[in-house]
Amino acid sequence: MLKKTVYTALNEQVKHEFYSAYLYLSMAAYFETENLPGFASWMQKQFTEEQEHAMKIYEYIHDRGGHVELGAIDKPQSEFSSALEIFEISLEHEKKVTALIHDIYTVAAKEDDLATQVFLQWFITEQVEEEKTFTEVKELLEKAGSDLNGLYRIDAKLGKRED
Ligand code: FEO
């Protein structure tokens, strides 16, 4: 059975992961309207990945005898000015998620909950990957600057994302 503090932190994280999914779907919608299909497809895959993160925690809570209580998901930002702005916002968002995961780990460590600490190691590693990926795309966009051909090259590259 999960301690209440650990349960509450994990249950909140389910919501944060679904919010991430929602935010990335909102960004995918922006790219759809901007006729950037590679970016749109990349963001839709990110939307799917975030739901998988949420469901991993959902299943873990139930495996430990808890019951997930879903909270309200905030409305995500829907107006953006550029692809670069989107990747700046996303990177800052991922850094916040990293901090949230680290906070849950600290709670689990204080409660001597070894199983949750082991469970969270996957997320800690995943966040390193997430921040690296978003940083790479942001840097590509910075290099492209106002060069539209550069933007379309990045769009083609992102369209090849497999999962
Ligand atoms: Fe669920 Fe993008 O981290």
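Me: Y30 to start with, buried or exposed?
Reply: This is a predicted model. In it, Y30 has a relative accessible area of 12%, and because buried means under 20%, Y30 counts as buried.

Me: Which element is Y30 in?
Reply: Y30 is found in helix α1.

Me: And what does Y30 touch, not counting residues up to four places away in sequence?
Reply: Y30 touches F80, S81, S82, A83 and I86.

Me: How far is Y30 from A9, C-alpha to C-alpha?
Reply: The two C-alpha atoms are separated by 32 Å, with Y30 and A9 being 21 residues apart along the chain.

Me: OK, the core. How many residues does the largest nonpolar core have?
Reply: The largest nonpolar core has 23 residues. F31, F39, M43, I86, F87 and L141 are those with the most contacts inside it.

Me: What about F87, what is it touching?
Reply: Leaving out residues up to four places away in sequence, F87 touches F31, F39, W42, M43, F134, V137, K138, L141 and L158. Of these, F31, F39, M43 and L141 are also on the list of residues with the most contacts inside the largest core.

Me: Switching to the largest pocket. What volume does it have?
Reply: The volume of the largest pocket is about 300 Å³.

Me: How many residues line the largest pocket, and which lie nearest its centre?
Reply: The lining has 15 residues, and W42, E129, T133, E136 and R161 lie nearest the centre. α2 (37-63), α4 (114-144) and α5 are the elements that give two or more residues to the lining.

Me: Where does the largest share of that lining come from?
Reply: From α4, which gives eight residues to the lining of the largest pocket.

Me: How does the lining divide into nonpolar, polar and charged?
Reply: Four residues of the lining are nonpolar, two are polar and nine are charged.

Me: Back to R161. Where is it found?
Reply: R161 sits in the segment after α5 (148-158).

Me: Why is R161 called buried?
Reply: R161 has a relative accessible area of 16%. The cut-off for buried is under 20%, so R161 falls on the buried side.

Me: What is R161 in contact with, beyond its neighbours within four places in sequence?
Reply: R161 is in contact with W42, K45, Q46 and E49. W42 is also one of the residues nearest the centre of the largest pocket.

Me: What lies 2.5 Å from a polar atom of the R161 side chain?
Reply: The backbone oxygen of D163 does.

Me: Last topic, backbone angles. What is the phi of N35?
Reply: N35 has a positive phi of about 55°, although it is not a glycine. N35 is in the loop between α1 and α2, and at 61% relative accessibility N35 counts as exposed.

Me: And what phi does D112 have?
Reply: D112 has a positive phi of about 55° and is not a glycine either. D112 is in the loop between α3 and α4.

Me: Why does D112 count as exposed?
Reply: Exposed means over 50%, and D112 has a relative accessible area of 66%, so D112 qualifies.

How values were computed: Residues are numbered from 1 along each chain as its sequence is written. This is a predicted model: local features need pLDDT of at least 70, side-chain atom pairs count only at pLDDT 80 or more; totals for chains, interfaces and linings use all residues. Side-chain values use heavy atoms; hydrogens and water are left out. Helices (H or I, at least four residues) and strands (E, at least two) are DSSP runs, numbered from the N terminus. Buried means under 20% relative accessible area, exposed over 50%, partly exposed in between (1.4 Å probe, protein chains only). A polar contact is a pair of N or O atoms within 3.5 Å; within protein, one must be able to donate a hydrogen and the other to accept it, and residues adjacent in sequence count only if both atoms are side-chain atoms. Contact means heavy atoms within 4.5 Å. On a 1 Å grid over the protein atoms alone, a cavity is a set of points where a 1.4 Å probe fits but cannot get out, and a pocket is an open set with protein on both sides within 12 Å along at least five of seven lines; lining residues have an atom within 4 Å of a point. Grid points are joined across faces, edges and corners, and a volume is the space filled by probe spheres set on the points. Ala, Val, Leu, Ile, Met, Phe, Trp, Tyr, Cys and Pro count as nonpolar, Asp, Glu, Lys and Arg as charged, and the others, Gly among them, as polar. A nonpolar core is a set of buried Ala, Val, Leu, Ile, Met, Phe, Trp, Tyr and Cys residues joined through side-chain atoms within 4.5 Å.
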